[in-house]
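This report concerns a metal site and the sheet that surrounds the discussion of it. Please consult the sequence and coordinates shown here.

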Amino acid sequence: MKKMPFLILSLLLFLASCNSSDPSETTTKPTRPNIIFIMTDDHTSRAMSCYGSDLLQTPNIDRIAREGVLFRNSFVTNSLCGPSRAVLLTGKYSHLNGFRQNGDVFDGSQTTFPKLLQQVGYQTFVMGKWHLGSLPTGFDKYSVLVDQGPYYNPDLIVDGDTTRFMGYTTDIITDQALQTLNDRDTDKPFCLLFHHKAPHRNWMPNTKHLGFFKGKKFPLPETFNDDYATRSDAARLQDMRIENMFLSYDLKMMPDDYEKDDNTGGMKQSNPEQWWANDLARLTPEQRSAWDAYYAPIRQDFRENKRGAKDLLEWKYQRYMEDYLSCVVSVDENIGRLLAYLDSTGLAQNTIVVYTSDQGFYTGEHGWYDKRFMYEQSLRMPLVARYPAGVKPGQTCDAMTLNLDFAPTFLDYAGVPIPAEMQGRSLRPLLEGPPPADWRKDLFYQYFEYPGAHQVRKHYGIRTERYKLIHYFPELDAWELYDLQNDPNELKNLINDPAQQANIEELKTRLIALRQQYKVPES
Ligand code: SGN
Ligand code: CA
């Protein structure tokens, strides 16, 4: 082919770029994807059917997985709400973003991925749970719950003004999200953080889902009766046993149904009856009568059939599961509303949709509810994602991913350079192909909230593909080692096994290297 003189070529290219009526221009111009990041609170993958749940069906969340990628090894760096959210925003570990435990106040002046997206023309929104102490920064619009927020008739802070909304919180957060998408500037791409409160404690279902699981008996996890025999003291000293749930606040009985001493659980200083009275006082008369009608026979049965310790514990587990899972049903239904909206508006194709939870959760494993520990159920985050325009459907990914990776991923897709201070890595290569050869093979974890709710001692550790080494420190100075291949339930602490000593030394060396890499201070 004859070479075209450079000047003529440049002129032609320039003219082509000026001609906005040329239809080929709109098709060749790279379109930046919209981003919807859905995060629920305390949703374990055991309660998602795409992960093979033995508890319930979640067809809408499954749809995201089916139409995209299901991640099988997604982990959180600090298994607690506020810290997880701060890592999401900053792409940095808790010790660097400054939010180590609930009750800390997030420094909203630091760099976050929504701010960077905003700078390149994205509209940014956050709807639902925020829980970071300070008000959101870097958003064109926010509508967030005050602190944890209630299940019914929530107060939302909408761009600085607090207003009460009547109805079920999961529905209301979705209404807010859909309304915001409707009102957006359609000339710009958007990033929506869609953050549900559910299924966080104290698991109050929508009145329309009361009885959804009626008659169902939920299987007990294999480790339900863990006696913590080989563990350090941390597992014995926690306060998150199902046995110690409050009959009132957690399990929905009323003071007439039990002896007062049976409602104290482990949290002796708290006043569960008052908390429960406050929750009930929020309900409208209609909500309250639907509520009372459903729970009356359950309460009556509880009063009339006195149970021994073992039966009572199993009764508590069944009650807990019924309410927790009913909250998940509402989440799934509302994810369905969002997906239907994307379909009907033609947004589905060019919108990345991610579903995760701020951390995992115990649904009876080791006898527990709640999270915090570095054991699998709370270390894991469910993670499914789809992007029809750029990611093939029906994939699974076994590479180790961290919540540090979300910020870099979204920046990558938006074409924004990833700041060097961010400590995660874009998930884009994993979404689009096999993991790069140098993808991470281990992770560093650190939990800080002690003393605090549920009394889990501070700890940090390393998880490789096969092993997990945990150091409870400084309260206990005790180590645990688990072989996840031979002992996936983490029942056998091998820290004193002579055959493991060389392995332990290697893991400790690697742990030191990870601490250096992530700039973890000495104490
Ligand atoms: C509350 C809950 C705890 C829960 C923390 C943190 N108690 O304190 O059970 O561990 O939140 O949860 S409650 O009496 O308020 O229900 S987190 O998800 O926000 O980190
Ligand atoms: Ca949480």
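The following text treats the conventions, the calcium site and the sheet in turn.

The model is predicted: local features need pLDDT of at least 70, side-chain atom pairs count only at pLDDT 80 or more, and totals for chains, interfaces and linings use all residues. Residues are numbered from 1 along each chain, chains are lettered from A and ligands numbered from 1 in the order written, and side-chain values use heavy atoms, without hydrogens and water.

The calcium ion (ligand 2) is coordinated at 2.1 to 2.8 Å by Asp41, Asp42, Asp358 and Gln359. Donors are N, O and S atoms within 2.8 Å of the metal (3.2 Å for Na, K and Ca); water is not among the atoms, so sites may look incomplete. Along the chain the donors follow the spacing D-D-x315-D-Q. Asp42 lies in the loop between strand 1 (34-40) and helix 3 (59-66), and Asp358 in the loop between strand 9 (351-357) and helix 12 (376-379), so the pair ties together parts 316 residues apart in sequence. Helices (H or I, at least four residues) and strands (E, at least two) are DSSP runs. Both Asp42 and Asp358 are buried (under 20% relative accessible area, 1.4 Å probe, protein chains only).

An open sheet of ten strands has the order 7-6-5-4-8-1-9-10-2-11, with mixed pairing; two strands pair if DSSP finds at least two bridges between them. Its edge strands are strand 7 (161-164) and strand 11 (395-397). Two helices lie across strands of the model, with contact meaning heavy atoms within 4.5 Å and angles running from 0 to 180 degrees between N-to-C directions of axes fitted to C-alpha atoms.

| Helix | Reference strand | Angle |
|---|---|---|
| Helix 3 | strand 10 (383-386) | about 65° |
| Helix 4 (81-90) | strand 1 | about 165° |

Methods. Buried < 20%, exposed > 50% of the residue type's maximum accessible area, 1.4 Å probe, protein only.
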